[in-house]
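Me: I am new to this structure and would like to learn how to read its features step by step. Could we go through them together, with the general idea before each case?

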Amino acid sequence: MKTILISEGDPTSINYELLVSAFPLLLSLGKRHRIYLIRGPHNLTVPSLPTLTQPSDKPGFYSLPWSDSKKTRIFTLGKPSATSGRMAYDSLQAAMDWQKELGADLITLPLSKEWVAKAGVKGFRGHTETLAEYYKRPTFMMMSGEKLNVIPLTTHVPLKDVVKHLKRFSWKELGSAISRSPFLKNPKLAYLGLNPHAGEGGKIGEEESTILAVGAKILRKAKFSVEGPLSADSAFLPGAKLYDLYLAGYHDQGLIPFKLLEGKKGVNITLGLDFTRVSPDHGTAFDIAGKGISDPTGLISCLERLTET
């Protein structure tokens, strides 16, 4: 029996619609596992979801409040605020606290970095970075789908800072995280060139030979099969050789082709932790919240990933 925590993310987003849509699956999985929604004091709910004050030792799908505040916040779907941003952040903090206590796996539902910042949380760059800070270890974002696994070597940093971050990237820690992942078994790796046409032998930049090749050497020394640099504009074309894991130089280089090819089934998996953290591969979608058209495929994929390992 697994224990799975779900941080609610921003309550004004599509997250509660997703939970309601996935409720039959959550109830079904709750017959075999303990699943807890880490929920703040507000007016949005999942119908028929029992609320506990402490975790149960029995299987089920439960609401587990992180605050005993009697002051209920009134939110409207599609209307984010500094208050909803703060609640999303506090839900994540509470979920990590409960994870430590229960040894659980974690699903993080989307929040808005913009509204977390407007709530006064300084330096917040995203779930992956917050998890690294909380657990005091390097973490790596892996986008995982039915056919593709992609790790962006730099995540939420400006494009102008990518090379600077790559120069201090921890290739050894990445190799350790990959080797410990239950989703990767002796993977064949390929890395994408940072520059157009993978630098064309140094004619369009030297990062392929001065940074990426050095990293690939470290991974090969750790007994990984690594090929590259691949020209990023053709690596994902139909008929191209497939690899178990692609290493992209920066966020959009890897995530644009991933999202185009994997669609809504892709999930964000954090490597480097002692437990499994996954998140749907989409954002808060405030523009459609409350319209009844949100698609729970991403959340369902997260639940399937956690219960199949």
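Me: Which residue is the bridge partner of Met143 in β6?
Reply: Strands of a sheet pair through backbone hydrogen bonds, either parallel or antiparallel. Here the bridge partner of Met143 in β6 is Val150, and β5 and β6 pair in the antiparallel sense over two bridges, where two strands pair if DSSP finds at least two bridges between them. The names come from DSSP runs, numbered from the N terminus, with helices as H or I of at least four residues and strands as E of at least two. This is a predicted model, in which local features need pLDDT of at least 70 and side-chain atom pairs count only at pLDDT 80 or more, while totals for chains, interfaces and linings use all residues. Residues are numbered from 1 along each chain as its sequence is written, and side-chain values use heavy atoms, with hydrogens and water left out.

Me: How many residues lie between β5 and β6 in their hairpin, and which strand is joined to β5 by five bridges?
Reply: The hairpin of β5 and β6 has four residues between the two strands. Five bridges join β5 to β10 (residues 267-271), and these two run antiparallel; in β10, Ile269 is the bridge partner of Met142.

Me: Which way do the residues of β5 point?
Reply: In a regular strand the side chains alternate between the two faces of the sheet. From β5, Phe140, Met142 and Ser144 point one way, Met141 and Met143 point the other way, and all are buried, meaning under 20% relative accessible area, with exposed over 50% and partly exposed in between (1.4 Å probe, protein chains only). Because five of the five residues of β5 are buried, this strand is largely enclosed by the rest of the structure.

Me: What is the order of the strands in the sheet?
Reply: Eleven strands form an open sheet with mixed pairing, in the order β3-β2-β1-β4-β11-β10-β5-β6-β9-β7-β8. The edge strands, each of which pairs on one side only, are β3 (60-65) and β8 (225-230).

Me: How many bridges join β1 to β2, and which residues of β2 point each way?
Reply: Five bridges join β1 to β2, and the two run parallel, with Ser7 opposite Ile38 in β2. From β2, Arg34, Tyr36 and Ile38 point one way and Ile35, Leu37 and Arg39 the other, and all are buried. Since six of the six residues of β2 (residues 34-39) are buried, β2 is largely enclosed by the rest of the structure. On to β3: β2 pairs with β3 in the parallel sense over six bridges, and Tyr36 stands opposite Tyr62 in β3.

Me: What span should helix α9 have, and which of its residues are buried?
Reply: The expected span of a helix is 1.5 Å times one less than its number of residues. The twelve residues of α9 (residues 251-262) should therefore span 16 Å, and the end C-alpha atoms of α9 are 16 Å apart, which agrees. In α9, the buried residues are Gln253, Gly254, Leu255, Pro257, Phe258 and Glu262. These buried residues of α9 pack against β5 (140-144), β6 (149-152), β7 (188-192) and β9 (245-248), contact meaning heavy atoms within 4.5 Å. After α9 comes Gly263, whose phi is positive, near 65°.
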